[in-house]
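Here's a quick briefing on a protein fold, made for a first look. Have the structure open while you read.

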Amino acid sequence: MVNVRTSKLGIIGAGAVGTSLAYAALIRGSADDIAIYDLDAARAEAQALDLAHGTPLAHRTRISGSGDLDVIAGSNVVVVTAGAAQKPGQTRLELVEINANIIRDLMPKMIKRAPDAVYIIVTNPVDVLTVVAEDVAGLRRGQVFGSGTELDSARLRWLVAEAAGIAPRDVTAMILGEHGDSEFPLWSNALIGGSPIRAWTDETGAKIFDDARLADLASQAVQSAYAIIAGKGATNYAIGLAGVRLVEAVLRDEHMIAPVTTRLRNYEGVDGVALSVPCVLGAGGVERVLPVTMDESEHAAFHRSADAMRQVLHDIGQQ
């Protein structure tokens, strides 16, 4: 494994998601240097100071915050969380126009300060904004990607684990497609402890994951963000952890496989849009896009997701 000798993480946005990501990175010791930028300089500085006060209790990490984008200069990874927040009852796609313009403005400025960084887009709608960011950036393929369905897949794994009564780490399951309403679980590839999910039984030997149960779990995974937003106004802790895990995969050149958003080139017949599919993550960002076997219904769902994203890109003049 190749490690970056001195690693710097830049975070754009000092809101709930950006600071949760910074907090998770501090606790996990993900980077040697964490730099937070926000238009609200006082907020960025205060968040950084609050986190810095915890470094004697966690990892030796340099933490800075500023309203000057120079704070991220030299970053190895930059995570973009800035944007309008999703409101209760609002879909991710309704955010698109505002946040696309934010990305168009930010990307050239960030690249000027950190031209070699890998850029991870977290701001929603992440699939559309990944395409916007890649087009504006003009960087090499794989250097820009989105957090995609990494969190959605974690939610699904947790739900399956709760139903099966086992540890979430022993569930292998992914959600693919849009990070949003048209996403879908890849049940045909899902495993519990190495066994196909549909073959899993309870203590009596009865199968517990029939089609109805799987459909319910998929619905819960897709709708869970809306439930959290309705209750507290935003999702932040789990996406902070999911984002940091992607950061670590890049900084540590792990070659970790994760379902992240990348622009597709003739993948299952889909071209030009960005959707979440299994990717190998390393020091270069997305280093490989992995093929995956889909059954007929999953293939159809994947194309529905692609059609939805293609329409939004058309609506904002991106295609």
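Is Asn266 buried or exposed? Asn266 is exposed, with a relative accessible area of 61%; buried means under 20% relative accessible area, exposed over 50%, and partly exposed in between, with a 1.4 Å probe and protein chains only. Keep in mind that this is a predicted model, where local features need pLDDT of at least 70, side-chain atom pairs count only at pLDDT 80 or more, and totals for chains, interfaces and linings use all residues. Residues are numbered from 1 along each chain as its sequence is written, and side-chain values use heavy atoms, with hydrogens and water left out.

**The overall build**

- The protein has 8 helices and 14 strands; these are DSSP runs numbered from the N terminus, with helices being H or I of at least four residues and strands E of at least two.
- Its radius of gyration is 19 Å, close to the 20 Å from the globule rule for 319 residues, so the protein is as compact as a globular protein of that length. That radius is taken over C-alpha atoms, and the rule is 2.2 Å times the number of residues to the power 0.38.
- Out of 319 residues, 54% count as buried.

**What's inside**

- In the largest nonpolar core there are 83 residues, and Ile12, Met110 and Leu281 have the most contacts inside it. Such a core is a set of buried Ala, Val, Leu, Ile, Met, Phe, Trp, Tyr and Cys residues joined through side-chain atoms within 4.5 Å.
- Helix H7 (residues 237-251) gives this core its largest share, 8 residues.
- Another core lies apart from it, with 18 residues, including Leu159 and Phe209.
- Leaving out residues up to four places away in sequence, Leu281 touches several others, among them Phe145, Leu246 and Val286; contact means heavy atoms within 4.5 Å.
- In soluble globular proteins, nonpolar side chains tend to be buried together.

- Most residues other than glycine have a negative phi, and most peptide bonds are trans.
- Asn266, in the loop between S12 and strand S13 (274-282), has a positive phi near 50°.
- Asp253 also has a positive phi, near 50°, and sits in the loop between H7 and strand S12 (256-263). Asp253 is buried, with a relative accessible area of 14%.
- Asn124 and Pro125 are joined by a cis peptide bond, with omega about 0°. You'll find Pro125 in the loop between strand S5 (118-121) and helix H4 (126-137), where Pro125 is buried at 3% relative accessible area.
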